[in-house]
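Hello,

Here is the structure I said I would pass on. My notes on what was found in it follow below.

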Amino acid sequence: MSTAGTSEMTNDRAEMIRQAFRLEYITLAWMTIEAAVAIGSGVAAGSLTLTAFGIDSLIELASATVLVWRLTVELRHGQAFAENAERTASRIGAALLFALAACVVASAGWKFWTQQGAEFPLSGLIFSVLAIPTMYFLAQRKLQLANALGSRALRADAVESMTCGWLAFVVVGALVAQFLVGAWWVDALASLGIVWFVIREGREAWEGEDCCDQHCK
């Protein structure tokens, strides 16, 4: 292969990495605001579903931070060194997701036991609606770059963005249903629906290397 061809491929990959950086910076900014609004509104309204959504945003915020570090490592030290770091990061993220699932189940059980409902947080609803198209755009673009770069870490981060969009959809449905029906159990029941997404995301993060290898075959 010619030197010019090698240089062109290197420049193409560097440009894709810069695009990935831009997506992660957008993710960091959005998740910071999303977590603050969702957790603040959720706690104020006593909404377990919205609070869990905010905590998941914190986890994705951590994931985006790790991915920025992983991309930086690749630019400075090469792809092989970055892959060792991302395996450890994936396991840590999975452990956090499993802990979140356990907390949501315990909190939902407590709400069913005490029959506590939640108020209707308008700010949380508006932001959750905005999160659906935002997360869809980020997830699709990250998947495209992940396939082009052959990056398991970026693919896992794209899956987390996609899951965040589904979580936002569940939150919107739960808040609207509670507003229309007025039943105390809607919030607790919807939060258990979130658990399925969180556990699935945690399993994919824990088994990320094998899953992504299968996708790439």
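**Helix packing and selected residues**

Helices α4 and α5 cross in a left-handed sense, where left-handed means that the near helix is turned anticlockwise from the far one by less than a right angle, and right-handed that it is turned clockwise. Helix α4 covers residues 122–149, and its axis comes within 7 Å of that of α5, at a crossing angle of roughly 160 degrees. α4 is therefore roughly antiparallel to α5. Axes here are lines fitted to C-alpha atoms, for helices over the stretch in contact, and angles run from 0 to 180 degrees between N-to-C directions. Angles under 35 degrees count as roughly parallel, over 145 as roughly antiparallel, 65 to 115 as roughly perpendicular, and the rest as oblique. The contact of α4 with α5 has 20 nonpolar, six polar and three charged residues. Nonpolar covers Ala, Val, Leu, Ile, Met, Phe, Trp, Tyr, Cys and Pro; charged covers Asp, Glu, Lys and Arg; the others, Gly among them, are polar.

Before the rest, a note on the source: this is a predicted model, in which local features need pLDDT of at least 70 and side-chain atom pairs count only at pLDDT 80 or more, while totals for chains, interfaces and linings use all residues. Residues are numbered from 1 along each chain as its sequence is written, and side-chain values use heavy atoms, with hydrogens and water left out.

The chain has seven helices and zero strands. Both are DSSP runs numbered from the N terminus (helices H or I, at least four residues; strands E, at least two). Of its 217 residues, 46% are buried; buried means under 20% relative accessible area, exposed over 50%, and partly exposed in between, with a 1.4 Å probe and protein chains only. Among contacts (heavy atoms within 4.5 Å) between residues at least 6 apart in sequence, 79% join residues at least 24 apart.

Helix α5 also packs on α6 (residues 186–206): their axes come within 9 Å and cross at roughly 175 degrees. This makes α5 roughly antiparallel to α6. The residues of this contact divide into eleven nonpolar, two polar and five charged. Those that meet include V159, W166 and V170 in α5, and I194 and F197 in α6.

T163 lies in α5, which spans residues 152–181, and is buried at a relative accessible area of 1%. Beyond its neighbours within four places in sequence, T163 is in contact with F197, R200 and E201. A190 is in α6 and is buried at 15% relative accessibility. Not counting residues up to four places away in sequence, A190 touches T49, V170 and A174. A190 and V170 are 20 residues apart in sequence, with 7.1 Å between their C-alpha atoms.

V68 sits in α2 (residues 48–77) and counts as buried at 14% relative accessibility. Leaving aside neighbours within four places in sequence, its contacts are F21, E24, Y25 and L28. From V68 to L28 it is 40 residues in sequence and 9.8 Å in space, C-alpha to C-alpha. A95, in α3 (residues 79–114), is partly exposed at 41% relative accessibility. A95 and W206 are 111 residues apart in sequence, and their C-alpha atoms are 8.0 Å apart.

Regards
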